[in-house]
Amino acid sequence: MAWFTLYLLNLLWALAGTSIQTQSSCSVPPAQQPLVNNMQMLMENSVFNSIYSNPSILIAMNLVGPYNLEAQKLLTRQLMDIDTADMTIGQLALTIMALTSSCRDPGNKVSILQRQMETWAPSSPNAEASSFYGPSLAILALCQKNPETTLPIAARFAKTLLANSSPFSIDTKAMVTLALTCMYNKIPVGSEEGYKTLFGQVLKDTVEKISMGIKDNGIIGDIYSTGLAMQALSVTPKQPNKEWNCQKTMDAVLNEIKLGKFHNPMSIAQILPSLKGKTYLDVPHTSCSPDPEVHPTLPNHPSPVPTMAPNITVKYTINNQLRGVELLFNFTIDVSVKSGSVLLVVLEEAQRKNSTFKFETTMTSWGPLVSSINNIAENVNHKTYWQFLSGKTPLNEGVADYVPFNHEHITANFTQY
């Protein structure tokens, strides 16, 4: 991930204690604050029912101040005890940041992450953009712990970015910006001027590309990448040429919240800090003292799928036409489910009606991810995965969040990236 603002030296940064907004700042209007508060409580309450200990939720909770202290304590304990052996670089970095935000010592996790980053290299000169997201998080986490020892690692990472011509997602660009902003602001006194020039060059190039993703309505990339992009643009020391209207973006996000787009706990965790004027750069400066403030309680919303809801019909197709995969197929089935059901229910009903549509899922921080359909599984080495589309448009929500409409045609297409 990527970071901070201002041209201040290391000592001034340490004294600052909080993030400083640059050029474009915005806030949630008081009338809309209950909307954000309720969304936060929805995220925090998910901790008790989830089998996945999500560090992003703990980071967001601590940055903005938790409402549910029991949820905060539970998630902190889970991450303290978690086995890091099978974690990716990005997962380990997020865990370190989450524990830091809870004022807990991450122990040897920092040295493990540093050793991994000392030997990290992209798989190819033009490796896909997704391979840079986790290392960006790692540099951010290491920068917050020891910027001096992270300096050569970050410099090598920045040079790799300059040499890579692959198109990056808004999320990855935002993480790069947050990470290198942290390094830019924490270059130790007496270090070579070349470090600031290098980081500044990558930052300028990256934020220019982020600004190209700002839509007329203020959304940056898509609604779910907007939160991280807001963090990046609010703290980068290298502003893009295109002026960013932060309040316009804020208003657009609030409108999407009203429409129910933010009910997945992970999506809430990524947007919440920006809604409350915080960024990942604030992680080392969180306050862990109990907050005596009386917080609002989460209202009892009616079930999103009423028991008397009418049925709808969804056309569901599974398709694999990739050469080199032994089983090619294209099958379609009509599935009847209750109106308001999520896509996962459609998949389960299709599987019940016809075993050809059997599928498997893997749990991720965003919820269940479909990893296999009809015995054809995703493969990282072959760069294949199952992509879901409505008509010809890729879905930007997961199967546990997307709600199909009547007569919609959903396709699961085995795809190579």
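Mentor: A disulfide is here a pair of cysteine sulfur atoms within 2.5 Å. The structure holds two disulfides. This is a predicted model, in which local features need pLDDT of at least 70, side-chain atom pairs count only at pLDDT 80 or more, and totals for chains, interfaces and linings use all residues. Residues are numbered from 1 along each chain as its sequence is written, and side-chain values use heavy atoms, with hydrogens and water left out.

Helices are DSSP runs (H or I, at least four residues), numbered from the N terminus. Buried means under 20% relative accessible area, exposed over 50%, and partly exposed in between (1.4 Å probe, protein chains only). C26 counts as partly exposed because its relative accessibility is 21%, whereas C246, at 5%, counts as buried.

The other disulfide is formed by C143 and C182, whose sulfur atoms are 2.1 Å apart. Its link is left-handed, with -90° about the S-S bond. C143 lies in helix α7 and C182 in helix α9, 39 residues apart, and the pair links distant parts of the chain. C143 is buried at a relative accessible area of 0%, and C182 is buried at 2%.

Helix α7 (residues 133-145) has 13 residues, of which 11 are buried. Among them are L142, C143 and Q144. The buried residues of α7 pack against α5 (89-101), α6 (109-118), α8 (147-163) and α9 (170-185), where contact means heavy atoms within 4.5 Å.

Definitions and conventions. Helix = DSSP H or I, 4+ residues; strand = E, 2+ residues; numbered from the N terminus. Expected span 1.5 Å × (residues − 1).
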